[in-house]
Every structure is written in C-alpha cells, then in structure tokens.
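The structure comes first, then the findings.

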Amino acid sequence: MVDDYFVIDTDAHVEESEEVWEHVEKEFRDRRPVAVTLDNAPSLGNVNAFWLVDGRPTHRPIGKGANLTLTPLTMEAARAKEISLGSQSLLDIPARLSDMETLGLDVQVVFPSCFNRPMADDPRLETALHRAWNRWVIDTTRPASHRLKPISIMPLQEPEEAIREARWAKEHGAIGLGVYPMMGGRLLDDPAFEPFYATVNELDLPLCVHVGWYIPELTNLFDTVYMNVVFSIAIPSMLALGCLVKSGVFDRYPRLRAGLFEAGSTWVPYIVERLDLYYRAHGRQNWWRPSRLPSEYIAERRVYFTFEPDEGLLAPTIDRLGADLFMLSSDMPHAELRESAAHQVARRADLSAEVKRKVFSENAIRFFGPEILP
C-alpha cells in the first residue's frame, strides 16, 4: 500500500529464464529457445545475450530494425539492475513479493517480456512458445496467486488456436488475454479474429493489448532502439485503438473490453478527437465510417489505458476523458525505471484523492473483475 491506497500494478513483467522453455510440448522440444551470451562483443554494450530460435536471434540492439528485450538473464543489462535476478525471473517468489512491498504494490498483473516481438518465424512454433509461457507462468505464480496475477498470451497468428488457448486461460485462472497490435501480419480489425472476439465476449475476460515491435515495416525505418522505443513501439497502440473502434466489435460483443498497456496516455485525446473529426466529415460526404462515434466507446468505458507516472499532461488528459479509464503501470522490472510509479503518483498534487483511488485500484477491478483482488 501507499499512503493507505490499495495499489494494483496492472502492467508488470517477468524476465524469462530457460526454465520457461521446459514447458514446450514434445513436438517442438528440439526447437525451443536457447540462450546465447556473447562476452566479446563491445558493439552490443550490455545487451549481450539473445534467445536463438531456429537459428535466428530474437532481437537486435543495433542496426536497421533495432529492438531488444532484456532476456535472457545472462546478459549484463539484467545483472546490472537493482532488482535481483530471482525477482526478475519469478524464480524467487519471496524476493519478488519483497520488492513489491518496498514499492507499495499490493497486486501485480504479470506480462511476458520475451514476446515484445515475435520469437519465431514459424506460426506453429510461435504458438507452441505461447502455450509454454502460459503454462509456466500459471505454475510459477501459483504459490503467490493472491498477489501475482498472470495474463495468458493469445496465439493470434493461428486464430483457431487462440480460441482454444483463451478457454484454457479462463479454466486455469489467467486474469486477462494478452495480444499485440498486430499479430500474424494482421491488424486487430481483421475478420479472421471475429470468432476469437466472440469467444472473449463469452468468457468475459479482458483483452490486454500490449506494446511491442510487431509491425516490421515501421520498426525497420529506424536504426536505433531509441527511435524505435519512441515511435514504432507506441504508434501501433494508436492503430490498435482505431482498429477496435472501426471494427464494430464493441457493438457486436457487449462484454468485450480492451486495455492498451504501456503506451502512455496523453496521446489518447488527440487520437480520439481525430477519429471523431473524420467520423463526422465522412458522414457529411456519405463515405464509409464506423457505426458509432468513436468517443462513445471511450465514454462507455470499453477501452482502458495505462499511463506514465510522470506524464506532465496526465491531469488534463484525465479531466478530458474521465478518471474511470486509467490504470497504474510500473513496467517492473524493465529498464524504464517506472518501479516507483505508485509513490510518484501518490505525490502528485494535481491528482485528487478520488482520482488516485481510481487509478490505483478501482479501475483495475472494473477492468479485470473481482478476481484481481487478493
């Protein structure tokens, strides 16, 4: 807790270790990721380890299309953090819970790190890796399931498999269904996903859209991680919001709700107003437009957002869109140093006590459901 506020961190992570891949099913066991560490590669800096999948490294910290994840934990960047490797990897659950106490976090929603970009070119192998991660994280967090709440990653590169995995996730206690703004080369409004959305509506689990490097045409424009973190990891979330409101899924599936995680919040008024602007303009010209004004979906709390704790325009953004839409994200234990997010938000004089209660816990309970509580 922080200042007597109950705090739910809706976007934390695990930095994966090799133990995750012990859950890969037999058919793909020989193709599971292998950790490779390079000790004499000064051009890589401290990002000197990779997962090797089918002979290809899973990230590239330099050059065109630069991107990274801070796994495997053999890399120097992981070992340089103040948070222990056992806490980062969830191999030491007491250490993770102790870190949460220090940071004032009562509950954490756990996302992967390794899937911030596709790991495998083969869709079947990628699906097998998603299934392995889902089973590993459920097993690993079970001793602390009152405080560590995992999502399950959905293999939308194979939509029929995603339906099966969503049902498995519901049965085994996942708190939400994780996807990225583009999967399998399809944006989120692709008709191939319609049966999946129907299943999500039936199961009444939230759709958790996390940032990631999933649009290669965008990522390959830049040759530094800096530019790709600023642009190609954030812009797809804007596209995801547009695709969801354009697709009409919120009209067809009344229990469907989506959250956009780790993209910040102050861009949302701009995109929503732009979507509304062209909704009206296309109506005057009798051109195609969504079935409803996009801002109506926002007003009805069909889409939620996480925010950066130090966003200068956070308070006016909340005033503009409403305090019921925003949730706390620490991103622990990633490199952006958001771990003190709860304390930073608690200290903000421009947010009222009522707003702080909403962003610390009330909105997360509404989005994820009562299962998020200890």
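## Ground rules

A salt bridge here is a side-chain nitrogen of Lys or Arg within 4 Å of a carboxyl oxygen of Asp or Glu. The model is predicted: local features need pLDDT of at least 70, side-chain atom pairs count only at pLDDT 80 or more, and totals for chains, interfaces and linings use all residues. Residues are numbered from 1 along each chain as its sequence is written, and side-chain values use heavy atoms, with hydrogens and water left out.

## Salt bridges

Side chains of opposite charge can pair when their charged atoms come close. The count comes to 26 salt bridges.

One of them joins Asp189 and Lys246, at 3.0 Å from N to O. The pair links distant parts of the chain, 57 residues apart. Asp189 sits in the loop between strand S10 (186-187) and helix H6 (194-203), Lys246 in helix H9 (residues 235-247). Helices (H or I, at least four residues) and strands (E, at least two) are DSSP runs, numbered from the N terminus. Asp189 is partly exposed at 23% relative accessibility. Lys246 is partly exposed too, at 35%. The cut-offs are under 20% relative accessible area for buried, over 50% for exposed, and in between for partly exposed (1.4 Å probe, protein chains only).

## A buried pair and an exposed partner

Lys81 bridges to Glu15, with the closest N and O atoms 2.9 Å apart. This pair also links distant parts of the chain, 66 residues apart. Lys81 is in the loop between helix H1 (76-79) and helix H2 (85-89); Glu15 is in the loop between strand S1 (8-13) and strand S2 (34-37). Lys81 is buried, at 18%. Glu15 is buried, at 0%.

Asp121 pairs with Arg56, the closest N and O atoms being 3.3 Å apart. Asp121 lies in the loop between strand S5 (107-111) and H4, and Arg56 in strand S4 (residues 56-57), so the pair ties together parts 65 residues apart in sequence. Asp121 is exposed, at 65%.

## A charged network

Salt bridges also link Glu25, Arg131, Glu161 and Arg164 in a network.

## Nonpolar cores

A nonpolar core is a set of buried Ala, Val, Leu, Ile, Met, Phe, Trp, Tyr and Cys residues joined through side-chain atoms within 4.5 Å. The largest has 113 residues. Among those with the most contacts inside it are Trp21, Phe115, Phe196 and Phe368. Helix H4 (residues 123-141) gives the most to this core, with eight residues. Apart from it lies another core, of seven residues, including Ala49 and Met75.

Phe196 touches Met154, Leu156, Ala162, Ile163, Ala166, Leu177 and Leu207, not counting residues up to four places away in sequence. Contact means heavy atoms within 4.5 Å.
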